[in-house]
Amino acid sequence: MILAQFVMFVIGIGIADHMARILRVPKYFLGPGILPLCIIGAFATRNSMGDVYVMATLGILMYFGLKFGFSAAAVVLGLILGGIAENGFLLSVRLGAAEGSVMGYLLTRPIPMIFIVLSLLSMGFALFLEHKEWVNQRKQHPRPQSSQKRLKFGSWGPVSDLSMRQWNLLIGLGLLIGSILVYVLTKEFPNEPRQFPMVLVVSLIMMAIWLIIQSIVITSVGTNSRPLHKWPVLNMGIIIGVTILYIALVRVMGFYVSTFLFMFGIPIYLNKERTGRFFIKCLGISLGYTLIMLLVFHHLLKVPTPVGWFI
């Protein structure tokens, strides 16, 4: 693995300039070309369409999450490290219980204390940076910030005109209500399996309360922006609907046939050019891309893909 890192570094440096040219590909071709690769990656892990549905759901949710300031990196780290963290936590609980005190085991051993301190420093540094940005914003725009120090509940209008502060309040209330419901349901679990979810739920409740307080009292950077202002509701609704239909047809018509139809249809819808030349271009690109994927993944790499009426 160490040798592989050096090889990847050398190859990465050598082809970086050439790979950057991918960004020149129009988005109406690039987006539909990425989604089939995501489906292959999700399905090939356990040969389960359930993983594909989870991938699609998280993708749609994360699209809206990015508009409201959520970090995709945090979600990915949670999916990757969640199982590892739970196993480590339960092992620590067992060892602590065997020695007579779980908290004593976690708070007196050097390695756990180091990670606890690093975690607290990381969260404290993030709060410090946020406070610093807030102070700088107050210095640059003293009057607007002072006039909007507290959230005015009478200023609620259409969804597209809601500010980030109002969305933070709605999201915080939603997270708080959902966390309380999960907490009540988790209490019915057996003693050991419920411990790690309970810790997470309590942490989420505390963060939801802080988000609610922050949205009402504190004006921070970007909270007066309107994330869904002039958002193309109809356009994005159609794209999300077609994407869901594509994933559903994968199981019926087969992966490669559905991919060809998806690659052919999305660019025609997104691009305003409706000429015969563009139709032929879309047909050639979608057919060529599908054949390349069929050759590489089906014949060369033998990667399993969802099978329907066709391949």
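**Chat about a helical chain**

User: Hi! Where does Leu-121 sit?
Analyst: Leu-121 has its place in helix α6, residues 110-140. Helices here are DSSP runs of H or I with at least four residues, strands are runs of E with at least two, and both are numbered from the N terminus. One caution: this is a predicted model, where local features need pLDDT of at least 70, side-chain atom pairs count only at pLDDT 80 or more, and totals for chains, interfaces and linings use all residues. Residues are numbered from 1 along each chain as its sequence is written, and side-chain values use heavy atoms, with hydrogens and water left out.

User: Thanks. Is Leu-121 buried or exposed?
Analyst: Leu-121 is exposed, at a relative accessible area of 53%. Buried means under 20%, exposed means over 50%, and partly exposed is in between (1.4 Å probe, protein chains only).

User: Let's zoom out. How many helices and strands does the protein chain have?
Analyst: There are 12 helices and zero strands in the protein chain. Its radius of gyration is 25 Å, well over the 19 Å that the globule rule gives for 311 residues, so the chain is more spread out than a compact globule. That radius is taken over C-alpha atoms, and the rule is 2.2 Å times the number of residues to the power 0.38.

User: What does the C-alpha trace span?
Analyst: About 65 × 60 × 45 Å along the principal axes. Buried residues make up 27% of the 311.

User: Which atoms does the accessible surface belong to?
Analyst: Carbon and sulfur atoms hold 73% of the accessible surface, which comes to about 20,600 Å². Those areas come from the Shrake-Rupley method with a 1.4 Å probe; for residues, only the protein chains shown count as cover.

User: Now α8. Why does its length make sense?
Analyst: Helix α8 (residues 164-186) has 23 residues, so at 1.5 Å a residue it should span 33 Å; its end C-alpha atoms are 31 Å apart, which agrees. The expected span is 1.5 Å times one less than the number of residues.

User: Which residues of α8 are buried, and what covers them?
Analyst: Among the buried ones are Met-164, Trp-167, Ile-171, Leu-176 and Thr-186. Their cover includes α3 (49-67) and α9 (195-217). A contact here means heavy atoms within 4.5 Å.

User: How about α10, what does it reach?
Analyst: Helix α10 (residues 233-253), with 21 residues, reaches 29 Å from first to last C-alpha, close to the 30 Å expected at 1.5 Å a residue. Its buried residues include Met-236, Ile-240, Tyr-246 and Val-250. Elements covering the buried residues of α10 include α2 (27-46), α3 and α11 (255-270).

User: What follows α10?
Analyst: Gly-254 does, and its phi is positive, near 100°.

User: Which residue other than glycine has a positive phi near 55°?
Analyst: Asn-47 has that value. It is in the loop between α2 and α3, and its 48% relative accessibility makes it partly exposed. Lys-302, also not a glycine, has a positive phi of about 55°.

User: Where does Lys-302 lie?
Analyst: Lys-302 is in the segment after α12 (276-300). Lys-302 is exposed, with a relative accessible area of 60%.
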